[in-house]
Amino acid sequence: MGGTLEYLSGLLGGSGGHGHGKMKRRKQLQTVELKVRMDCEGCELKVRSALSSMKGVESVEINRKQQKVTVVGYVEASKVLKKAQSAGKKSEIWPYVPYSLVSQPYVAGTYDKRAPPGYVRSAEPGYVVATPGQQQQVGRPHDHLTDMFNDENPNSCSVM
């Protein structure tokens, strides 16, 4: 029955009522979280009005203390980020995850003293993390042990 309704609605609503041609793919409802530099109510109002004016935005929530903006709607994250940056504010996709989701929160690259309480930077071990002025490889804690006996490693131990 559900398939019949979709077929009929496609015939009636799609491309001039004929049911031919390509159907437009609907965007998914999603939540986009941004870190936006805001100092005062004026900044908050500027960001809110810029993001609320976007097509497909359902709601905009702002937490100025955490510098966090949450946008819910039928929008793409990249477009929301560009819109926030066009308002003249330094913006990035929310880089933090809850402390409880990270197995080793004090590993270089995940601990960030500027993070809001209860959050650490979202960096999976093994990824390259860019730090100011240099890039640093963050490895898993057991990598050096497995590489010690690896045949691919020219400096490995050959105990056999």
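Guide: Thr70 counts as buried, because its relative accessibility is 15% and buried means under 20% relative accessible area, exposed over 50% and partly exposed in between, with a 1.4 Å probe and protein chains only. The model is a predicted one, in which local features need pLDDT of at least 70 and side-chain atom pairs count only at pLDDT 80 or more, while totals for chains, interfaces and linings use all residues. Residues are numbered from 1 along each chain as its sequence is written, and side-chain values use heavy atoms, with hydrogens and water left out.

Visitor: Which strand does Thr70 lie in?

Guide: Thr70 belongs to strand S3, residues 68-73. Helices (H or I, at least four residues) and strands (E, at least two) are DSSP runs, numbered from the N terminus.

Visitor: And what does Thr70 touch?

Guide: Leaving aside residues up to four places away in sequence, Thr70 touches Thr31, Val32, Glu33, Ser59, Val60 and Glu61. A contact means heavy atoms within 4.5 Å.

Visitor: How do S2 and S3 pair?

Guide: Strand S2, residues 57-63, pairs with S3 in the antiparallel sense over six bridges; pairing requires that DSSP finds at least two bridges between the strands. Val57 stands opposite Gly73 in S3. The hairpin of S2 and S3 has four residues between the strands, and Gln67 takes a positive phi near 60° there.

Visitor: Changing topic: how many aromatic pairs does a search of the whole structure find?

Guide: The search finds two aromatic pairs. Rings of Phe, Tyr and Trp (its six-membered ring) pair if their centres lie within 6.5 Å; planes under 30 degrees apart count as stacked, over 60 as edge-to-face and the rest as tilted. Trp94 and Tyr96 form an edge-to-face pair, because their ring centres are 5.2 Å apart and their planes stand at 80°. Trp94 and Tyr119 are also edge-to-face, with centres 5.9 Å apart and planes at 90°.

Visitor: Where do Trp94 and Tyr119 lie?

Guide: Trp94 lies in the loop between strand S4 (91-93) and strand S5 (96-98), and Tyr119 in strand S6 (residues 119-121), so the pair ties together parts that are 25 residues apart in sequence. Ring pairs link Trp94, Tyr96 and Tyr119 into a cluster.

Visitor: Is Trp94 buried or exposed? And what about Tyr119?

Guide: Trp94 counts as buried at 8% relative accessibility, whereas Tyr119 is partly exposed at 22%.

Visitor: What sits over the ring of Trp94?

Guide: The charged end of Lys68 does, 4.9 Å from the ring centre. The criterion is NZ of Lys or CZ of Arg within 6 Å of the ring centre and within 35 degrees of the ring normal.

Visitor: How many disulfides does the search find?

Guide: It finds zero disulfides, a disulfide being a pair of cysteine sulfur atoms within 2.5 Å. The sulfur of Cys40 has its closest cysteine sulfur in Cys43, 3.6 Å away, which is too far for a bond. Cys40 is partly exposed at 37% relative accessibility, while Cys43 is buried at 11%.

Visitor: Finally, what does the secondary structure of the chain come to?

Guide: It comes to four helices and eight strands, and the elements run α-β-α-β-β-α-β-β-β-β-β-α from the N terminus on. Of the 160 residues in the chain, 25% are buried.
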